[in-house]
Amino acid sequence: MPKPRPSFSSLAAALAVAFAVLLPHAALAQDSDTLAKIKASGAITFGYRESSFGFSYLDANLKPIGYSIEICNRIVEAVKSELKLPAIDIKYQAVTSANRIPLVQNGTVDIECGSTTNLVDRQKQVAFSPDIFRYNVRMLVKADSGIKTIADLQGKTVATTTGTTSFRLLREADRGRSLDVTNLAGKDHSDSFLLVESGRAQAFVLDDILLAGQLANARNPKDFVITGESLRTENQSLMFRKDDPAFKALVDRVVSGMMKSGEMEKLYAKWFMSPIPPKGININYPLNAETKDAFANPSSKGI
């Protein structure tokens, strides 16, 4: 017996569902023109981190500040000139490692001024500026823990921040593959640090510069050390929507220009080699060879 043909009403319903599914994607494609969006609204939204000390965090008045925020401010100045706008209202949206990519994709955040690694896999979802920092992934432990290498983590609990690549990198390391370790995830970097401070975890694996920021802000910094072999050298960039060549060209021009003029190195010294708000703490993390190379040869190719 031949199958009954679908009725006109059922076909119409199916088309309506398909249209509803496709519509958000079409709208998103139109919204990928960030400069047009800024011109129409007179505003830009920064994504910021609450506890990526030095890069993007809150001051005593709960205002986002830091190295990444200042670079984004330079980009806004260039946008004002490009669009011939006398002013642009900067709005702020807190992001986490877990939600930062979706919030950029759906248009909530126009540019993430935080501490995000530029990974080739992530480039399928978002776009990145030239690297603003390069660092090594290591671990923070209590100074009296006896932990000095990855092998010393056998049987231990390791803290990582939700949405980061840290635990995967640990497991992929040659000495990490055979380890019996338990992963305990914090919602942000300060939460992960507290897991070690409270004794619930014995190590916190993250970018060494971010670990240095946590250590500098600890109640008793001398109680902790950053140790162990590097799991990988990673590159940190600003993040924004993909398939937006005009905005990417502007971002790349500003960031590369800051590097070539020496402004980026001065900005780095301000946030990582000098006392910073709100407590006047100096993270004291000298510019490493990897970041010097990033400044000399701007690139957003990712790893």
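The largest pocket in this predicted model has a volume of about 240 Å³. A pocket here is an open set of points on a 1 Å grid over the protein atoms alone, where a 1.4 Å probe fits, with protein on both sides within 12 Å along at least five of seven lines; lining residues have an atom within 4 Å of a point. Of its 14 lining residues, Phe-53, Ser-190, Gln-214, Asn-217 and Lys-279 are the closest to the centre. Helix α6 (residues 189-197) gives the largest share of the lining, four residues. Helices are DSSP runs of H or I with at least four residues, and strands are runs of E with at least two.

Residues are numbered from 1 along each chain. Local features need pLDDT of at least 70, side-chain atom pairs count only at pLDDT 80 or more, totals for chains, interfaces and linings use all residues, and side-chain values use heavy atoms, without hydrogens and water.

Another element to look at is helix α8 (residues 245-261). Gly-262 follows α8 and has a positive phi, near 90 degrees.

The search of the whole structure finds one disulfide, a pair of cysteine sulfur atoms within 2.5 Å. Cys-72 and Cys-113 form this link, with their sulfur atoms 2.1 Å apart. Cys-72 lies in helix α3 and Cys-113 in strand β6, so the pair ties together parts that are 41 residues apart in sequence. Cys-72 is buried at 1% relative accessibility, and Cys-113 is buried at 0%.

Definitions and conventions
Points joined across faces, edges and corners; volume = space filled by probe spheres on them. Expected span 1.5 Å × (residues − 1). Buried < 20%, exposed > 50% of the residue type's maximum accessible area, 1.4 Å probe, protein only.
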